[in-house]
Amino acid sequence: MAIVVGGEGVGEARSTRKGLRYWLSSTNHKEIGTLYLAFSLSMFFVGGIFALAIRAELFQPGLQFFNPVLFNQFVTLHGMIMVFAAIMPAFVGFANWQLPLMLGAPDMAFPRLNNMSFWLLPPAAVLLVASLFVPGGAAAGGWTMYPPLSVQMGPGMDMLIFGVHLLGISSIAGAINIIATIFNMRAPGMTLMKMPIFAWTWLITAYLIVVVMPVLASVVTMLLFDRHFGTHFFNAAGGGDPVLFQHIFWYFGHPEVYILILPAFGIVSTVIPTFARKPLFGYRSMVAATIAIAFLSIWVWGHHMFTVGFPVGGQLFFMYATMLIAVPTGVKVFIWIATMWRGSMTFETPMLWAVGFIFVFLLGGITGIILACAAVDIQLQDTYYVVAHFHYVMVAGSLFALFAGAYYWLPKWTGHMCDETLGRWHFWLSMIFFNLTFFVQHFLGLAGMPRRIPDYPLQFTEFNMISSIGAFGFGLSQLLFIYVVVKCIRGGPVAGPKPWDGATGLEWTVPSPAPHHTFTKPPVVA
Amino acid sequence: MKPPAMAAAAQDGAERHDYAVEYFVPRPSMWPIRTGIVLLLLVAGASLWLNGGEPGPGLLAVALLLLALVLIGWFRDIVGEGNQGVYDAQVDRSFRWGMATFIFTEVMFFGGLFATLFYVREISIPDLAHGLSAELWPGFKGGWPATGPGIDTPLHPMSWRGAPALNTIILLASGVAITWAGAAARSGKRTQLIIALALTLALGVRFLVGQAGEYHHAFSDLGLTLGLGAYGATFFILTGFHGLHVTIGATMVAVVLARTLMRQVTPTSHFILDAVSWYWHFVGVVWLLLFVVVYLL
């Protein structure tokens with residue numbers, strides 16, 4: 001594939017001179033991927049600071065550092081930033097770097113739109129963080145923005161709503177780009193069923209994004225109208241209903257957590273075969289299971305609302321539909337284990353993260369099934385049990401998979417091997433401190449400790465102290481990752497085109513670091 | 001930005017015969033980040049305006065102007081590249097995937113709004129008039145159209161007769177007109193294409209004029225506002241967002257018409273016409289649904 005670059009010799013001239021304008025105006029999928037990853041890593045630390053502020057306040061009962069309003073603002077911003085500005089952009093960054101390399105394409109289908117998707121993120125992050133400093137402070141109703149609280153709050157809520165709009169446009173544009181790239185830019189001969197599994201998971205994720213993100217846009221727009229233009233969508237006095245917001249929000253919100261986990265499945269399904277030195281066991285089943293999860297995910301939103309007064313029929317429907325998701329998810333776990341079965345296994349850093357992912361993600365999945373049971377959920381709604389559950393799937397699921405992917409592909413991106421010893425330290429410290437932080441929260445939740453409250457009765461003190469110590473340990477361990485990444489970029493053992501002997505895929509046929517333009521000739525896919 | 005120079009297409013011309021396909025990768029562009037900055041100004045202005053901040057309306061107006069300039073600049077680059085013929089069949093297919101998926105997201109956006117109408121009519125209003133809620137709001141009868149138990153202002157709902165019915169016919173006719181335009185473009189009948197596009201545009205504008213009249217009627221004769229409970233909110237949000245989309249669609253039709261007059265839409269290169277045609281049919285279908293569930297039922 002010859003690349004026609006619009007401008008005389010632009011492709012070559014650009015790679016020598018990298019000023020500010022160079023990074024601002026890039027249309028190159030690798031550079032935009034790097035921007036995405038750098039942005040999401042920095043927002044991961046911003047969101048992490050909010051998390052540590054929360055854990056510092058909860059170290060002891062009573063109010064030590066923050067008043068309850070500020071505490072709730074931290075809770076809200078922590079959720080918003082981690083979901084929309086850290087994890088989602090990180091996966092888009094992986095898609096940007098890897099999809100063209102994996103599909104044998106010269107770039108994404110819409111390179112300029114790709115850059116716009118990225119450049120909507122910093123403005124959204126600015127809005128979210130700056131909202132802390134406006135009168136009334138940031139939105140304090142949690143990332144779910146439930147009315148009537150969200151109708152009553154100050155300007156910070158408007159900034160949050162507009163931030164969500166920008167983030168929504170960004171991810172919709174990104175998803176459209178990925179869909180067009182996967183359907184239209186694959187190398188000749190690469191049929192859909194020959195596609196790397198990471199591309200499959202992203203294709204399905206992109207479809208989830210275009211299905212649910214516009215719905216989020218519509219519901220926050222209605223929220224804005226309720227706040228400022230006198231409508232009564234979520235106000236019973238005007239014939240509306242606050243529960244309507246919850247329905248529409250969770251129609252988006254539940255698929256959203258699958259948007260955050262399906263690409264993680266893709267990364268783990270790529271890393272495990274490499275280090276087991278066996279092809280993925282049951283590729284077709286993996287594709288089918290991913291489609292099944294995505295399809296089921298848009299029919300289960302009611303399990304977030306078991307306590308709002310559903311009719312029993314509705315509760316049963318959402319309960320069984322939710323439990324059904326365990327079937328394709330179980331298929332995936334069995335596929336990973338069967339891939340490792342009798343494999344010639346080694347445990348380099350990416351593999352440690354991937355295997356660790358299976359272990360902790362499974363715990364999160366099992367507490368998910370427990371919470372799916374309506375009768376149980378009514379007891380556990382809004383307790384720390386729920387907090388523990390979704391951090392097991394978000395942190396131990398999405399984040400651990402992101403680390404697996406980062407350690408796996410950093411040699412391809414930088415041309416250097418990462419520091420294996422430090423990588424392993426990073427893994428083991430994260431694994432231990434993660435469980436220290438969140439495992440005890442199951443007990444707190446079962447004992448009845450509510451979430452989003454800065455104070456608690458004395459009997460919860462020990463577990464909260466353990467959790468806070470774990471959180472600070474986990475946060476500090478992540479600084480190791482920055483050190484490893486910087487070290488890997490600056491030097492280290494030279495990684496050849498294919499640093500992992502068991503790896504398969506087109507990305508390992510190009511040099512490391514991958515040159516500015518790749519696949520100027522279409523690769524042959526048998 | 002300077003228009004892209006296509007001389008580079010020849011930079012590896014010697015080896016051209018080796019390549020099965022050539023793919024266009026645009027040169028670096030400042031338009032994406034300009035879009036990001038302008039949108040930040042826009043929402044900052046809107047946040048200030050909504051909360052009574054002093055520079056809000058001014059900032060909002062400046063940002064809207066800048067947004068228009070940015071969009072014009074970005075699309076001028078794209079149109080320039082299109083006219084230079086650098087978009088091959090593969091790029092064309094990418095554009096089609098992109099536009100189709102974008103329209104699908106629009107469908108989902110309206111899906112959220114229609115779901116709201118369904119919910120208030122079938123669930124929240126009946127609930128407020130029956131059972132436990134009825135004890136809270138004893139005078140509320142429910143039914144549809146309704147405002148809500150806490151609103152005393154009498155409701156005069158919109159009639160489907162007159163302008164809405166006429167507008168339905170107008171929009172359906174415009175759908176036929178743009179389909180005719182597509183057929184004319186494919187068979188190279190330029191005069192027919194121009195007439196069909198002008199007709200589509202005229203019908204679209206006539207529709208918007210009709211809607212403006214309807215809004216005037218609603219506000220001044222019937223006292224219907226956004227604040228008038230479930231009916232007022234759902235009526236205005238659905239017709240309002242639809243009207244906005246017709247405005248965008250009509251602008252797009254005007255651009256296609258202009259580009260046709262400049263001989264830039266040809267029997268072989270007419271993605272823009274197809275894209276606008278799909279979009280126009282989308283706003284037509286939304287209106288049809290809206291006419292049935294908002295006006296008729």
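Q: Which runs count as helices here, and from where are they numbered?
A: Helices are DSSP runs of H or I with at least four residues, and they are numbered from the N terminus. The model itself is predicted.

Q: Where does A:Arg277 lie, then?
A: A:Arg277 lies in the loop between helix 10 (242–276) and helix 11 (283–297) of chain A. Its phi is near 55°, a positive value in a residue other than glycine.

Q: Why does A:Arg277 count as partly exposed?
A: A residue is buried with 20 or more other C-beta atoms within 10 Å, exposed with 12 or fewer, and partly exposed in between. A:Arg277 has 15 C-beta neighbours inside 10 Å, so it counts as partly exposed.

Q: Which way does phi go at A:Met145, positive or negative?
A: Phi of A:Met145 is positive, about 55°, although the residue is not a glycine. Most residues other than glycine have a negative phi. A:Met145 is found in the loop between helix 6 and helix 7 of chain A, and it is buried because 23 other C-beta atoms lie within 10 Å.

Q: What joins A:Pro147 and A:Pro148?
A: A cis peptide bond joins them, with omega about 5°. A:Pro148 is in the loop between helix 6 (121–130) and helix 7 (149–152) of chain A. In chain B, the peptide bond from B:Trp144 to B:Pro145 is cis, with omega near 0°. B:Pro145 lies in the loop between helix 4 (131–136) and helix 5 (163–186) of chain B.

Q: Turning to chain A overall, how many helices and strands does it have?
A: Chain A has 18 helices and 1 strand. Its C-alpha atoms fill a box of roughly 65 × 50 × 45 Å along the principal axes.

Q: What radius of gyration does chain A have?
A: Chain A has 23 Å, which agrees with the value near 24 Å that a compact globule of 526 residues would have. Of the 526 residues, 60% count as buried.

Q: Is A:Leu58 buried or exposed?
A: A:Leu58 is buried, because 24 other C-beta atoms lie within 10 Å. Its place is in the loop between helix 3 (29–57) and helix 4 (68–103) of chain A. Leaving aside neighbours within four places in sequence, A:Leu58 is in contact with A:Asn464 and A:Ser468. A:Ser468 is 410 residues away from A:Leu58 along the chain, yet their C-alpha atoms are separated by 7.2 Å.

Q: How many residues has the largest nonpolar core?
A: That core has 257 residues, and A:Ala404 is one of those with the most contacts inside it. The core draws at least three residues from each of domain 1 (1–87) and domain 2 (92–296) of chain B. Not counting residues up to four places away in sequence, A:Ala404 touches several residues, among them A:Val268, A:Trp353 and A:Phe357.

Q: How many residues does the contact take from chain B and from chain A?
A: The contact takes 69 residues from chain B and 66 residues from chain A. On the chain B side, helix 3 gives the most, with 22 residues. By class, this side of chain B has 41 nonpolar, 20 polar and 8 charged residues.

Q: And what do the buried residues of helix 2 of chain B pack against?
A: They pack against helix 1 (31–50) of chain B. B:Leu60 and B:Trp74 are among these buried residues. At 1.5 Å a residue, the 28 residues of helix 2 (residues 56–83) should span 40 Å, and the end C-alpha atoms are 40 Å apart, which agrees. Helix 2 is followed by B:Gly85, whose phi is positive, near 75°.

Methods
Residues are numbered from 1 along each chain as its sequence is written. Chains are lettered from A and ligands numbered from 1 in the order in which they are written. This is a predicted model: local features need pLDDT of at least 70, side-chain atom pairs count only at pLDDT 80 or more; totals for chains, interfaces and linings use all residues. Helices (H or I, at least four residues) and strands (E, at least two) are DSSP runs, numbered from the N terminus. The expected span of a helix is 1.5 Å times one less than its number of residues. Two residues are in contact if their C-beta atoms, placed from the backbone, lie within 7 Å. Ala, Val, Leu, Ile, Met, Phe, Trp, Tyr, Cys and Pro count as nonpolar, Asp, Glu, Lys and Arg as charged, and the others, Gly among them, as polar. A nonpolar core is a set of buried Ala, Val, Leu, Ile, Met, Phe, Trp, Tyr and Cys residues joined through C-beta atoms within 7 Å. Domain bounds come from an automatic or database domain assignment. The radius of gyration is taken over C-alpha atoms; the globule rule is 2.2 Å times the number of residues to the power 0.38.
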